[in-house]
Amino acid sequence: MSKLQVNGKDLDVDADPAMPLLWVLRDTLGMTGTKFGCGQALCGACTVHLDGAPVRSCVTPVSAAAGKKLITIEAIGEDRIGKAVQAAWVKHDVAQCGYCQSGQVMSATALLRSKRFPTDAEINQAMAGNICRCGTYMRIRAAIRDAAVQLG
Amino acid sequence: MKRRTWLIGTGTVVGGALGVGVLGLVARDGYYERRAKELAKPALFAGWIVIAPDNVVTVYIPHSDIGQGSHTALAMMAAEELDAAWSQVRAEQAPADPAFANRHFIEGFLLKGRQAPEFARSGTTLAFGEIGRLVNMQVTGGSASVRFTGQMGLRTAGAAARDMLLTAAATQWGVPRSELVTREGTVQHAASGRTIRYGELVQRAAALDAPAHVTLKKRSEFRLIGTAPPRLDIPDKVTGRTKYGIDVSLPGMLTATVMASPVHGERLVQVDEGPALAVPGVRKVVKLPNAVAVVADGYWAARTGLAALKPQFSSGSNAQVTSETISARFDTALQSAEGKKVHSAGDAAGAKGSQVAAAYSVPFLHHATMEPINVTALWEAGKLKVWGSEQDALGARNNLADVSGLALADVAFTPMAVGGGFGRRSAPKKDHLAQVVEIAKAVAPAPVKLIWSREEDFAQGAYRPAVTTRIEATVDDKGQVQAWRQRFIDTPELINEGFPLPYAIANQRIEAVAAPTHVRYGAWRSVAHSQHGFFTESFVDELAAAAKKDPLEFRRMHLPPGSRHRRVLDEVAQRAGWGTPLPTGHARGIALVESFGSVVAEVIEASVDASGLPQVHKVTAVVDCGFVVHPDTAAQQVQGGIIMGLSAALGEAITIKDGAVVQRSFPDYPILRMNQVPAIDVSFVESDGPLGGLGEVGLPPVAPALANAIAASTGRRIRSLPLRSAGKESPNA
């Protein structure tokens, strides 16, 4: 039994401690907003926040999340920065198929939390681990810059 | 024409030139009438539009949303003709149902006097069947959604519904129809100052006959088309609420994962199930003809169980095949007996002038959709219920009936949001569907979700075919191309896409030569244009060099003045500053490709760094797609196509070793990342040409424009992709 705090709620989860957080979220808790892309931390689709830092949930064992604050895409809009990022995504028509965008939004929110006004180089650096096959990168960059301005 | 036949009414109004199959289908069994009645309750039904008494207009979209934003664009087209307020419009994915069969896909080709695109014709690996069956497709492909479904279906349906609402209001008020106008979802009568909402008219309108003819708006009358309301789907995509196929959850659902023979076409011989069954959570091992599946309580246990297995597959001569043996086979085939004629004009052998020849090759490519292949099924009392993310919902349902042996009526398919398609999720590929049917039978009555690992997704793709070509041309002393002779390796979906050439060349002989491999092929974004765009536009540049002409000027010489092609070229040259100075080492390349009814020209500014790697600095694209429905989503599609084209041209290749695909995940297959994306400038020119596609058309000019820029910068001609596997020698010229 693992004790988790998911989006502010304390939960007891009955799962193999080695099971990746991704599958605890998706299969055990039924929270499907966090996406499976590769299972090897290569694409960023599964990004969540552990104590505010972006992590790839597909390679993070559930045991590593015990005692930490886990935030997923389902609750990132309750965060001031997360909400601004989501609004900027809508404004800039960022998403195409949208499958990678949960991870993109989580990575972008973590970036803006650590850097109020990231440069393009810093945006590229922070987002390079998130693959988008539809090619929405230009709009992601524009939306992050816009969200930074909105947050002031 | 009665309301009950309205579905066909929306089709027959258009030009009176419809495929007979549509009429036959409707007349045969009354199916459309029944479906129309079901969907019409309780409101007026007009084609794919439902107007409810509460004034909500629901537009049923037959295509999958694979990211194109076409749900928004198609709803706009219906709303435009209906004169609905955008705020009252909703877009809904239509069910996988023959009532929504994508007949407009085929009609679009028929009306232009052309045949179906090759990838949609009957063939061995990419068969949809003949045209008669094609009307039963709900495919999302061929960049067809807006230009066919939207133009012929939804605009007409919107106009017809508006017509009926006007008649209803005239009757209700006892005033002449000519005194009425429609605006923002209301009918208005200026003389009496009365206004009534559409929802209040639907009951009366539903009793009317559908109009036999409708007049669509002129472009100058558009109020909504050409504006850019926010895409309807994005809010749910940034909050994790959108449900993709992989997100399906059913009570008591199990999860399966699978490993098929890495060498395509081989069979499962033997597997010891024990190691998987020993993993906690694993329920069952299911042997399939060419694969082994592990079923468990969740994906993690299923994957762990599968990893413990050592399945043995049959092995034949294909186990010796490599990329090199395939290339050699292609080269031999190109030199063999005469190929199949693709296009011929004049006397290609008799022209006088100097000869230029070159050979080009492109590799297999993978779609690498971000959502791995998955599908969920429930086998219950001899019936099948399936949920999935497919580009062709009805085609998937037909395939499920096919692989299960059930009647279509006993197969239900629920289309879910699609996490990337690019051709991978089109109907011809039904392997995962066949797998899930067998697995669902084995675990019935439990529902089961089959998820392929990323490694399986790479290993069992439906790859963009590798193709080799050899081209020769005769150029006269004025630099005019007198003859073009080309042979290329045939794949079922290749022929005719890309030919005839857009250039005025009197003598042409284009041939295709068959050289099948055991590697599975599929349609990949822009289909054959991804290969032929590179071949044609690279060689045109080589001809320009041989003629000592500027590449832009050389192309203009071979295009008629006033043509769409020439206009697009001139526009892109102007926007990109063609001929203006650049930093040392930088150079521009240009390419022009017509595909899916749109004409696209691109200029790429590139250089080569100290280590010999190409660097892309800027892409300028100009698109003529007739007119633009939603400028922002249109630009979005072209930007995405350019980025996918750059990704492929720079680094993507699927290679074969020991008969199997070598690449198994992203590091082996470098998809472009944000830090590698150059500045991209996309603009549109309007023309009176027919509405063209957008989902694919940005991609084909990318590779040749880049290769042409590298040649201009370094003098080194790239004749083989991808560029970054370079260091290797170009094929012989």
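## Two packed helices in chain A

In this predicted model, helix H2 (residues 80-91) of chain A packs against helix H3 (residues 101-114) of chain A at an angle of about 130°, and the two axes lie 9 Å apart. Because of that angle, H2(A) counts as oblique to H3(A). The crossing in which H2(A) passes H3(A) is right-handed. Two packed helices are described by the angle between their axes and by the distance between those axes.

On the H2(A) side, the residues that take part in this packing are A:Ile81, A:Gly82, A:Val85, A:Gln86 and A:Trp89, and they meet A:Gln101, A:Val105, A:Ala108, A:Thr109, A:Leu112 and A:Arg113 of H3(A). Sorted by class, the contact of H2(A) with H3(A) is made up of six nonpolar residues, four polar residues and one charged residue.

## Where chain B touches chain A

Between the two chains, 46 residues of chain B are in contact with 44 residues of chain A. Several helices of chain B contribute to its side of this contact: helix H9 (234-237), helix H11 (299-307) and helix H19 (631-651) of chain B each supply at least two residues. H19(B) gives the most to the side of chain B that touches chain A, with seven residues.

Which classes of residue form the side of chain B that touches chain A? That side has 21 nonpolar and 17 polar residues, together with eight charged residues.

## A three-stranded sheet in chain B

Chain B also contains an open sheet of three strands, in the order E5-E6-E7, whose pairing is antiparallel. Strand E5 (180-183) and strand E7 (194-197) of chain B are the edge strands, each of them pairing on one side only. From one strand to the next, the twist averages 25°.

Looking at one of these pairings in detail, E5(B) is joined by four bridges to strand E6 (residues 186-189) of chain B, and the two strands run antiparallel. Across this pairing, B:Arg183 stands opposite B:Thr186 in E6(B).

In the model, the end C-alpha atoms of residues 239-317 of chain B lie 50 Å apart, and the span is 16% helix and 32% strand.

Notes:
Residues numbered from 1 in each chain as written. Chains lettered and ligands numbered in written order. Predicted model: local features only at pLDDT ≥ 70, side-chain atom pairs only at ≥ 80, totals over all residues. Pairing = 2+ DSSP bridges. Axes fitted to C-alpha atoms, helices over the stretch in contact; angles between N-to-C directions. Parallel < 35°, antiparallel > 145°, perpendicular 65-115°, else oblique. Left-handed = near helix turned anticlockwise from the far one by under 90°. Contact = placed C-beta atoms within 7 Å. Nonpolar A, V, L, I, M, F, W, Y, C, P; charged D, E, K, R; others polar.
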